[in-house]
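Hi,

Here is the structure I promised to pass on to you. Have a look at it first, and then read my notes below.

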Amino acid sequence: EGASGLDIAKLLATTGKVTLDTGFVNTASCRSAVTYIDGGEGILRYRGYPIEQLAERSTFLEVSYLLIYGELPTQSELDEFTTRVQRHTMLHEDLKRFFDGFPRDAHPMPVLSSAVSALSTFYQDALDPFDPEQVEISTVRLLAKLPTIAAYAYKKSIGQPFLYPDNSLSLVENFLRMTFGLPAEPYDADPLTVKALDQLFILHADHEQNCSTSTVRLVGSSHANLFASVSAGINALFGPLHGGANQAVLEMLETIRDSDETVESFMRKVKDKEPGVRLMGFGHRVYKNYDPRAAIIKTTADEMLAKTEGNELLEIAKRLEEIALGDDYFVERKLYPNVDFYTGLLYQAMGFPTKMFTVLFAIGRLPGWIAQWREMINDPATKIGRPRQVYTGATERDYTEIGAR
Ligand code: ACO
């Protein structure tokens with residue numbers, strides 16, 4: 001009675017018993033005050049604020065501040081934070097040379113994680129996880145430089161020159177200009193695209209202890225610095241079961257459009273569980289209700305795609321959703337659209353190639369990774385992450401000389 005979960009875990013460890021929870025389906029790894037999810041009700045809140053209100057009324061930098069510092073900023077706090085981030089958007093010229101070493105067709109995700117990892121070599125005087133000032137400057141450097149690194153990874157892949165950041169622009173406008181602009185040519189980002197991308201970044205900004213965030217915390221629990229921890233998180237996000245589903249959704253919609261397949265015949269294959277056929281962008285480990293992020297993105301997709309050729313794919317997506325929501329197979333298993341169901345359509349309409357989709361996810365998720373890392377470092381209860389196992393190998397046996405095997 002009165003014992004904490006940790007006390008009970010320690011007590012059990014003395015008995016030699018361990019809990020097996022493959023995939024951590026019901027194991028809390030920490031206490032956290034950053035993000036609240038109720039998967040049954042479809043609720044998502046950052047620091048107590050409903051995602052719907054933040055997506056409609058806030059901005060990505062303001063949400064970043066909220067996640068990292070715990071409160072919404074005052075106007076002067078936000079102005080100061082914005083200026084600080086803007087001052088650090090440039091990359092060291094030596095870091096820019098890194099991009100030359102990668103193959104032209106390199107996927108931008110490993111380029112992103114490599115460059116973030118390399119930041120540890122450029123800022124060696126600010127890597128102490130327990131020095132608040134050093135953590136603060138690393139936080140600002142990461143928020144400022146990740147969009148620049150992401151844009152350069154894209155420019156490298158299409159063989160175009162890098163553009164210096166223009167710090168008179170907002171974070172999203174600057175990113176779009178560095179991605180799609182050309183030297184000596186004016187670039188005015190489409191206001192609807194700026195607003196939609198800012199909103200998508202807000203919607204991806206944190207999602208409690210998902211795979212990449214748990215990775216960031218686990219690496220950081222060994223007192224590795226913020227750059228090293230976030231670089232590991234980017235690699236975790238690269239996996240198709242985590243960050244890559246938005247690309248898979250788009251490919252699924254294009255396959256239906258470009259083949260003899262009808263929406264109905266595709267859904268029959270899904271329900272018959274034909275090997276390799278799933279309704280991508282549907283289902284979630286935590287949400288057993290409509291993912292609140294998907295609901296917001298669907299509305300934005302309606303607005304943005306109304307007059308574009310992406311509309312045909314949107315119609316297929318909507319028809320798939322309509323069938324699924326009325327079908328016993330999906331209803332019984334509580335399968336609803338997740339955040340990835342409509343995002344790929346929007347990214348495509350904005351002009352991004354599919355390889356960049358997960359990079360966009362990483363830019364959005366960065367403030368969440370930073371907030372969770374800082375919470376972990378400052379929590380006196382944090383211990384180095386070190387799961388146990390249930391051993392299934394051979395029992396003791398004697399070594400035999402190689403000639404006798
Ligand atoms: N299409 C068809 N059937 C599905 C789907 C789907 N998308 N998702 C789950 N099911 C079925 C399973 O076949 C299983 O059926 P059964 O009980 O008859 O065997 C049941 O629903 C439970 O599915 P699990 O795979 O056990 O659920 P889990 O929680 O392990 O997986 C996951 C969740 C990976 C998201 C899964 O729903 C899926 O593969 N979805 C498609 C991929 C996707 O959209 N991923 C993005 C997730 S969001 C994100 O990471 C940002």
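Are H10 and H11 roughly parallel or roughly antiparallel to each other? Before I get to that, two things to keep in mind. This is a predicted model, where local features need pLDDT of at least 70 and side-chain atom pairs count only at pLDDT 80 or more, while totals for chains, interfaces and linings use all residues. Residues are numbered from 1 along each chain as its sequence is written.

Back to the two helices. Helices here are DSSP runs of H or I with at least four residues, strands are runs of E with at least two, and they are numbered from the N terminus. Helix H10 covers residues 211–220 and helix H11 covers residues 226–238; they pack at an angle of about 150°, and their axes are 8 Å apart. (Axes are lines fitted to C-alpha atoms, for helices over the stretch in contact, and angles run from 0 to 180 degrees between N-to-C directions.) H10 and H11 are therefore roughly antiparallel to each other. The cut-offs are under 35 degrees for roughly parallel, over 145 for roughly antiparallel, 65 to 115 for roughly perpendicular, and oblique for the rest.

Next, the sheet. Strands of a sheet pair through backbone hydrogen bonds, either parallel or antiparallel. In this model, three strands make an open sheet in the order S1-S2-S3, with antiparallel pairing; two strands count as paired if DSSP finds at least two bridges between them. S1 and strand S3 (49–50) are the edge strands, each pairing on one side only.

Let's walk through it strand by strand. S1 pairs with strand S2 (residues 43–46) in the antiparallel sense over four bridges. Thr 35 has Tyr 46 in S2 as its bridge partner, and Tyr 36 stands opposite Arg 45 in S2. The two strands form a hairpin with four residues between them, and Gly 42 in that turn has a positive phi of about 70°. S2 is also joined to S3, by two bridges and again antiparallel. There, Tyr 46 has Tyr 49 in S3 as its bridge partner. S2 and S3 form a hairpin too, with two residues between them, and Arg 47 in the turn has a positive phi of about 50°.

Now some loops. Phe 24 sits in the loop between helix H1 (5–14) and strand S1 (35–38), and has a positive phi of about 50° although it is not a glycine. Phe 24 counts as partly exposed because it has 13 C-beta neighbours inside 10 Å. Leu 20 is in the loop between H1 and S1, and with 8 C-beta neighbours inside 10 Å it counts as exposed. The C-alpha atoms of Leu 20 and Pro 387 are separated by 9.9 Å, although these residues are 367 apart along the chain.

Finally, the ligand. How many residues surround the ligand? There are 17, and the closest are Ala 245, Arg 278, Leu 279, Phe 282 and Gly 283; a residue is near a molecule if its C-beta atom, placed from the backbone, lies within 6 Å of it. The shell divides into eight nonpolar, five polar and four charged residues. Here Ala, Val, Leu, Ile, Met, Phe, Trp, Tyr, Cys and Pro count as nonpolar, Asp, Glu, Lys and Arg as charged, and the others, Gly among them, as polar.

Cheers

Key
A residue is buried if 20 or more other C-beta atoms lie within 10 Å of its own, exposed if 12 or fewer, and partly exposed in between; C-beta atoms are placed from the backbone.
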